[in-house]
Amino acid sequence: MFESGAARPGADTLSTLGSALNVPTAFFVRPLTETHEGFFRSLRRTGVTDRRRARATAYVAHDLALHAAAAGRFPASAVPSIQVSGLEAGGDEIEHIAGRVRTALGILSGPVPDVVQLLEDHGVVVIRLPLGTADVDAFSLPFPDHPVVVLGADKNDRARSRFDAAHELGHLVMHGEHIWGMPEVEKQAHMFAAAFLMPAHEIHPQLPQTVDWSRFFDLKRHWQVSLAALLRRAKDLGRMPEAAYLTAIKTASARGWRRLEPVPLGRPEQPRRLLAYIGTPAGRKAQMELPRNIIAAVADATTVA
Ligand SMILES: [Zn+2]
């Protein structure tokens, strides 16, 4: 009844609820910014409870970002909004959108140095889910003021983390609050991530036409993307014939590379901005109004690899 607005809790009830739920009572009266349910990859893979919990964590991070923004410690969102023409939009259109976004975010050519930092510098809140929480894939919530990107618990895979962050950026740019929850939308975000991290006109001439692993290893180091993503790109751009692609995939499987790729790229990129704010006096004060255990868990997940 309280949630639906049919009844209002009195001060005593609020205080009891606060201690039972381990949140300050001030948290209950904070204004709530609404957005859709979020860009989740597979609704089947992640249960409703896990999804709601992950989403609630993103809301707390958003609250914290609002405090940080008010203290001049977090920039307003500067993520361009370039809606796709529809669910059937594909290759060329998305390649073009990704190119425009690179330019808008100041990436003129070559690999994106740090996707997480780029997002944070443009007003996007980035956090990692606490370790030990259910295995939820990366997802995002398109709040207009500060969109939130939530990366999965750190699996020590830099390439995957970068691709995930770029995928969520694709949603924020192309889908925003307009479309979500359909498989086509996920496919488009994947195409965006590939185009954003490996622009066709730059990578096409670099990609081998045969299964040249040492060449792929070099490209992995240079572009900071997985071998799987490079192979897929080589096929999608028509650089590598289908037969060669299938041979490569089979070889990679046989060698166990689909679980653990060779040429590790080091630690995943780490969000920093909210964490830096939490440590300031204003940040400590802001936490008085928020569920501190959630913030502490997110801060842990974000700092510890
Ligand atoms: Zn997605």
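Is the crossing of helix 3 and helix 6 right-handed or left-handed? The crossing is right-handed, a term used when the near helix is turned clockwise from the far one by less than a right angle, anticlockwise being left-handed. Contact there is made by residues including Ile94 and Val101 of helix 3 and Met191 and Phe192 of helix 6; two residues are in contact if their C-beta atoms, placed from the backbone, lie within 7 Å.

The model is predicted: local features need pLDDT of at least 70 and side-chain atom pairs pLDDT 80 or more, while totals for chains, interfaces and linings use all residues. Residues are numbered from 1 along each chain as its sequence is written. Helices (H or I, at least four residues) and strands (E, at least two) are DSSP runs, numbered from the N terminus.

| Element | Residues |
|---|---|
| Helix 3 | residues 91-104 |
| Helix 6 | residues 183-197 |
| Strand 3 | residues 148-151 |

Strand 1 pairs with strand 3 in the parallel sense over four bridges; pairing requires at least two bridges found by DSSP. Isoleucine 127 stands opposite valine 150 in strand 3.

Glutamate 269 lies in the loop between helix 10 and helix 11. This residue counts as buried because it has 23 C-beta neighbours inside 10 Å; the term requires 20 or more other C-beta atoms within 10 Å, with C-beta atoms placed from the backbone. Leaving aside neighbours within four places in sequence, the contacts of glutamate 269 include Asp114, Arg158 and Arg162. Its C-alpha atom is separated by 9.8 Å from that of threonine 302, 33 residues apart along the chain.

Conventions:
A residue is buried if 20 or more other C-beta atoms lie within 10 Å of its own, exposed if 12 or fewer, and partly exposed in between; C-beta atoms are placed from the backbone. Axes are lines fitted to C-alpha atoms, for helices over the stretch in contact, and angles run from 0 to 180 degrees between N-to-C directions.
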